Amino acid sequence: MKAFLICLLACVALSTATKFEDCGSKQVTVKKVDVQDCPDGPERCTLEKDATKSISIVFEATNSSARGIKVELYSWQNGFPWMFDDDHHDGCKGHGLQCPLKIGDTYTYTGDFYIMEGYPTSENVVIQWEMIDENNKNIMCVHVPRCKRNNYMLEKF
């Protein structure tokens, strides 16, 4: 029974992780990224239009005691970033973080983003999540590569 539970937990952990690349996190160590229905693997992550996806990012605060966190979402296509949702959402409210961050503690950021029509079709999209502190300094940056779009854009997170 114990071996079964260990195997089950290992399978769940492996099946929910999404391939990601750290793109310059300065104050945290990113441990895991999970975008709904986007497992790690050779296949592309297809983001369907008119749907909401969720993301979770697990990280350890290594050099940050940020009191305020601004979250920004970009889509990279053909080498150019497209910023979405100009409201710069407060990462400390409604996303599972407890601010101020404490060095050495592990946190899980959670968010949703809505995918709408109106954006150019692309086979190679990189989604970028950034967290910026109250002094406008980089806390965290992750890229989720190999996303595919079918004429839509990301609207909110």
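This is a predicted model: local features need pLDDT of at least 70, side-chain atom pairs count only at pLDDT 80 or more; totals for chains, interfaces and linings use all residues.

Biologist: Thanks. Where is Glu130 placed?
Modeller: Glu130 sits in strand β8, which covers residues 122-133.

Biologist: And which residues is Glu130 in contact with, leaving aside its neighbours within four places in sequence?
Modeller: Those are Lys70, Val71, Glu72, Tyr74, Asn138, Met140 and Cys141.

Biologist: Is Glu130 buried or exposed?
Modeller: Glu130 is buried, and it has no salt bridge. The nearest side chain of opposite charge belongs to Lys70, 8.7 Å away. A salt bridge here needs a nitrogen–oxygen pair within 4 Å.

Biologist: What does Lys70 meet in a salt bridge, then?
Modeller: Lys70 meets the side chain of Glu72, at 3.8 Å from N to O. Glu72 counts as buried because its relative accessible area is 8%. Lys70, with 26%, is partly exposed.

Biologist: How many salt bridges does the count come to?
Modeller: The count comes to 3. One of them joins the side chains of Lys31 and Glu60, at 3.5 Å from N to O. Lys31 belongs to strand β2 and Glu60 to strand β4 (residues 51-61), so this pair ties together parts that are 29 residues apart in sequence.

Biologist: How accessible are the Lys31 and Glu60 ends?
Modeller: Lys31 has 46% relative accessibility, so it counts as partly exposed. Glu60 is partly exposed as well, at 23% relative accessibility.

Biologist: What does Glu134 form a salt bridge with?
Modeller: With Arg67; their closest N and O atoms are 3.7 Å apart. That pair links distant parts of the chain, 67 residues apart: Glu134 is in the loop between β8 and β9 (138-149), and Arg67 is in the loop between β4 and β5 (69-77). Arg67 counts as exposed because its relative accessibility is 60%, while Glu134 is partly exposed at 37%.

Biologist: Changing topic to the whole chain. How many helices and strands are there?
Modeller: The protein chain has 1 helix and 10 strands. Along the sequence, the pattern reads α-β-β-β-β-β-β-β-β-β-β.

Biologist: What share of the residues counts as buried?
Modeller: 39% of the 157 residues. The accessible surface comes to about 8,600 Å², and carbon and sulfur atoms account for 53% of that.

Biologist: And how much of the contact set comes from residues 24 or more positions apart?
Modeller: Among contacts with a separation of 6 or more, 71% are between residues 24 or more positions apart.

Biologist: Good. Where is the confidence lowest, and where is it highest?
Modeller: The lowest is in helix α1 (residues 2-16), with a mean pLDDT of 36, and the highest is in strand β2 (residues 28-35), at 93. Over the protein chain the average is 75, with 70% of the residues scoring at least 70.

Biologist: What about contacts where pLDDT stays under 50?
Modeller: Residues 1-15 are under 50, and the model has 2 contacts for them beyond four places in sequence. Residues 151-157 are also below 50, but that stretch has 46 contacts in the model beyond near neighbours in sequence.

Terms used:
Residues are numbered from 1 along each chain as its sequence is written. Side-chain values use heavy atoms; hydrogens and water are left out. Helices (H or I, at least four residues) and strands (E, at least two) are DSSP runs, numbered from the N terminus. Buried means under 20% relative accessible area, exposed over 50%, partly exposed in between (1.4 Å probe, protein chains only). Lys and Arg count as positive and Asp and Glu as negative; His and the chain ends are not counted. Contact means heavy atoms within 4.5 Å. Accessible areas come from the Shrake-Rupley method with a 1.4 Å probe; for residues, only the protein chains shown count as cover. pLDDT is the predictor's confidence in each residue, from 0 to 100.
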